[in-house]
Amino acid sequence: MSFRERTAWVMACTLILTGGFYLKLVIDGVSPSSAAFPFVIGVILFSIAAQIVLAAMSPREASNPIDERERLVMQRAANFSSYVLATGVIAGLGIFMVQEAGMQLFHIVLVSLILAKIAEYGAQIFLLRSRI
């Protein structure tokens, strides 16, 4: 498993765990700022810690620049995730036009961003394993 693939796995798991915690807080009725703050701090702390551990496990591979194949994989994965984000944002704006609920729009857009990043990391894993 390459360093980039391990990074994608760790980041996807981080977003699933912290995003799930955020979603639980929102469902429980916690205010947006009180729900978003632990999510953001959790993502930052878990991401930094995970990158330090991954880099310490394979420092040589971590310092290697992205090769042409990996660059193509990252571009394709980002392209795919943009559709996930756009779908969520358009859905959120449609709901906002009908219900005029700003907090609901905030939550839908943030969840769309979380899902888009998870989709991007998932696509990276798939594409890195498919040997395109």
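In this predicted model, Glu70 is buried, with a relative accessible area of 11%. The side chain of Glu70 meets that of Arg4 in a salt bridge, with an N to O distance of 3.5 Å. This pair links distant parts of the chain, since Arg4 lies in helix H1 and Glu70 in helix H4, 66 residues apart. Arg4 is likewise buried, at a relative accessible area of 14%.

In total, 6 salt bridges are counted. Among them is the contact between Arg71 and Glu68, whose closest N and O atoms are 3.3 Å apart. Arg71 and Glu68 are 3 residues apart in helix H4 and are therefore separated by about one helical turn. Arg71 is partly exposed, with 39% relative accessibility, whereas Glu68 is exposed, with a relative accessible area of 59%. A further salt bridge joins the side chains of Lys24 and Asp28 at 2.7 Å, N to O; Lys24 is partly exposed at 46% relative accessibility.

The packing of the helices was also examined. Helix H1 (residues 3–27) packs with H2 at an angle of about 160 degrees, their axes being 9 Å apart. Because angles over 145 degrees count as roughly antiparallel, H1 is roughly antiparallel to H2. The crossing of these two helices is right-handed. Helices H4 (residues 68–99) and H5 (residues 102–130) pack at an angle of about 160 degrees, with 8 Å between their axes, and are therefore roughly antiparallel. The crossing of H4 and H5 is right-handed.

A nonpolar surface patch is formed by Phe37, Val40, Ile41, Ile44, Leu45, Ile48 and Ile52, which together have about 670 Å² of accessible area. Of these residues, Ile44 is found in helix H2 (residues 32–57) and is partly exposed, with a relative accessible area of 43%.

Conventions:
Residues are numbered from 1 along each chain as its sequence is written. This is a predicted model: local features need pLDDT of at least 70, side-chain atom pairs count only at pLDDT 80 or more; totals for chains, interfaces and linings use all residues. Side-chain values use heavy atoms; hydrogens and water are left out. Patches are made of residues with over 30% relative accessible area and no salt bridge: like charges are joined within 9 Å, nonpolar side chains (Val, Leu, Ile, Met, Phe, Trp, Tyr) within 5 Å. Accessible areas come from the Shrake-Rupley method with a 1.4 Å probe; for residues, only the protein chains shown count as cover. A salt bridge is a side-chain nitrogen of Lys or Arg within 4 Å of a carboxyl oxygen of Asp or Glu. Helices (H or I, at least four residues) and strands (E, at least two) are DSSP runs, numbered from the N terminus. Buried means under 20% relative accessible area, exposed over 50%, partly exposed in between (1.4 Å probe, protein chains only). Axes are lines fitted to C-alpha atoms, for helices over the stretch in contact, and angles run from 0 to 180 degrees between N-to-C directions. Angles under 35 degrees count as roughly parallel, over 145 as roughly antiparallel, 65 to 115 as roughly perpendicular and the rest as oblique. A crossing is left-handed if the near helix is turned anticlockwise from the far one by less than a right angle, and right-handed if clockwise.
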